[in-house]
Each structure stands twice: as structure tokens, then as C-alpha cells.
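Hi,

Here is the structure I promised to pass on. Have a look at it first, and then read on for what turned up.

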Amino acid sequence: DSKARLGLCYFNGRPPFEKDHSKALELLKEAIEKSSLSDNHRSRLCYVVARIYESNTLPETPDLVQAMHMYRRGAELGGGEGTTGAAFLGSRIFGHSQQRKVSLLESAEENVVSACAEASVGLLLGSIESTREGLSRIRKYALSAFEGGITAAAVVLGYYFFRIEKNLLLSFTWFSEGMEAGNRRATYNTALFYLYKLTNDVEFDTEKGLSLLRRAANMGDPAAIGRLLRIIRRRQFGIQYDADEEKVLLEKINEGGRKQGEEDF
């Protein structure tokens, strides 16, 4: 779609266009409303619009409520950055004042479960609130979100048990749940457990790990694409260098407009 492409040009400042987030916002919001675009494409555009709302590049002050709304909408569309896009709230939205964080949490609790997932991802990955009450909220919101069909919540729970409770078996269990539900980041993290045997409770299985890693890469997960590229180039796990597969992965990076291996979280 021409408006989506032009909006992204203004967002990134691609020559001959100068960066202009006001123009990008207008064009991308119009493109999102076009039913002719795939849900995955519209989901990715929601992520970009949310980034604009979070930034200080607009004449108005950052609109964090609109940012959360766009992440939620991307999640509802399913696929692309929108499914786990709320994770990007972590280092930015929850870097604000304690009062602002509390108001955002209360807003999330009052709205749909996907908003709860967004709040919990931000808290977890931003490592902002480490109190017992704050950590219990992460579990509460994420469990509620997963029960409501938000697959990204399984990723939240996987990271929660991995990083906070240090229960790697439960971490693997939740990543596996997300993988079965079709979440690309959960699929990537499940692959890591098999490839690197992150816990004795999971058997080392190179074949299964590589299969899941390729699945996540095919789904467009940036971290999976980057790791698979490194494995191919370094000929790890008995893989023979495959120029064709390398080319396909590089094309995926170019399509997504991301750097090699840049992570969702």
C-alpha cells in the first residue's frame, strides 16, 4: 500500500524524505484502516504508530495511553510485532514516574486482558518494580491475559519464571505453551532450551531445536533470524553452510527493516 510505504519512509527518514513523524502518523493510521492489507502487515504498522505516540518527536507530549492502545490493537490483529509489541513499553513507558506507572497499571487492570499483558511485560522486562506486590501483579496479569487468548502472555510468564523465580522447568513449560499457541518469540525461546539444554529437565535435542528455530525465523522473529544466521555461518550443530538459506534470512531482515538479531524484548 502506497500510504503505508510513504508513512514508513517519513518514519525512518529514508532519502529523499526527511524524518517527519507527524506525516508518518497520519499516513500510517490511514493505512491501518485499510482492510486490503493483511492483518500481519497492519499489526506491524500498529507497532510503528505506537512508537510514534511514545516518542518526543510530535508537537504534543508523548501519548502513552494511545501507545498502549495501538500495541493492544496490534496484538488483537495477531502476528507480526503486534503480538508481542507491548514488550517495547518496558524500557520507555515504565521509565516514567512511580505515579505514572501506577496509573498505567490501574488503567490496564480496568481494561481488556491484552492491556494487562502489556503492563506486565513492561514491568518484567524493564525491571522497574521489584517489590513482592509488583511481581505478583506480573503473574496475575499475565495469567489473566493468557486465559483471555493473548499468546504473548505465555512469553511474559516464561521470562518471569526464567529471570525472577529461576524455575527453568516452568519457564520452559510456558514458552512451550506459547509455542503451541503460535507465538513466534515463545517458539524461539523453546528452541533455545533444546539447543543449549538450559535445564536438566529438558533433553538436548539439536534436531528439534533447529526445527523450532527455523519455524520462529519463518514466522519473522528477529532474534530467531539473527541466531539462525550465526549458526549457519559458523556451521554450528553440524549444519552445513547453505547460501540459499542465508539469502532467504537476509531478505527477511530487509523486509522487516531490522538489524540482524535485533530482539523483540
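Which backbone nitrogen lies 2.9 Å from a polar atom of the side chain of Asp221? That would be the one of Ala224. Before I go on, please keep in mind that this is a predicted model.

Staying with Asp221 for a moment: the side chain has a polar atom 3.2 Å from the backbone nitrogen of Ala223 as well. As for where this happens, Asp221 sits in the loop that runs between α12 (206–218) and α13 (222–234). Is Asp221 buried or exposed? Buried, as its relative accessible area is 0%.

Next, the charged pairs. In general, side chains of opposite charge can pair when their charged atoms come close. Searching the whole structure gives 4 salt bridges, and here are some notes on three of them.

One of them joins Lys3 to Glu30, with an N to O distance of 2.4 Å. Lys3 belongs to helix α1 (residues 2–12) and Glu30 to helix α2 (residues 21–32), so this pair ties together parts that are 27 residues apart in sequence. Both ends are partly exposed: Lys3 has a relative accessible area of 30%, and Glu30 has one of 33%.

Another is the salt bridge of Glu245 with Arg214, where the closest N and O atoms are 2.7 Å apart. Since Glu245 lies in helix α14 (residues 243–256) and Arg214 in helix α12, the pair ties together parts that are 31 residues apart in sequence. Here the two ends fall into separate classes. Glu245 counts as buried at 18% relative accessibility, where the cut-off for buried is under 20%. Arg214, on the other hand, counts as partly exposed at 30%.

Then there is Arg233 with Glu246, whose side chains meet in a salt bridge at 2.7 Å, N to O. This pair links distant parts of the chain, with Arg233 in helix α13 and Glu246 in helix α14, 13 residues apart. How accessible are the two partners? Arg233 is partly exposed, with a relative accessible area of 36%, while Glu246 counts as buried at 14%.

Which residues of α1 are buried? They are Ala4, Gly7, Cys9, Tyr10 and Phe11. These buried residues pack against α2 and also against α3 (39–54). So α1 meets α2 in two ways, because the Lys3 and Glu30 pair ties these helices together and the buried residues of α1 pack against α2. After α1 comes Gly13, which has a positive phi, near 70 degrees.

Last stop: Arg51, which has its place in helix α3. With which side chain does the side chain of Arg51 make a polar contact at 2.6 Å? The partner is the side chain of Tyr47. An α-helix has 3.6 residues a turn, so residues three or four places apart point the same way. Arg51 counts as partly exposed, at 30% relative accessibility. If you want a distance to check in your viewer, take Arg51 and Pro62: they are 11 residues apart in sequence, and their C-alpha atoms are 9.7 Å apart in space.

That is what I have for now.

Cheers

Terms used
Residues are numbered from 1 along each chain as its sequence is written. This is a predicted model: local features need pLDDT of at least 70, side-chain atom pairs count only at pLDDT 80 or more; totals for chains, interfaces and linings use all residues. Side-chain values use heavy atoms; hydrogens and water are left out. Helices (H or I, at least four residues) and strands (E, at least two) are DSSP runs, numbered from the N terminus. Buried means under 20% relative accessible area, exposed over 50%, partly exposed in between (1.4 Å probe, protein chains only). A polar contact is a pair of N or O atoms within 3.5 Å; within protein, one must be able to donate a hydrogen and the other to accept it, and residues adjacent in sequence count only if both atoms are side-chain atoms. Contact means heavy atoms within 4.5 Å.
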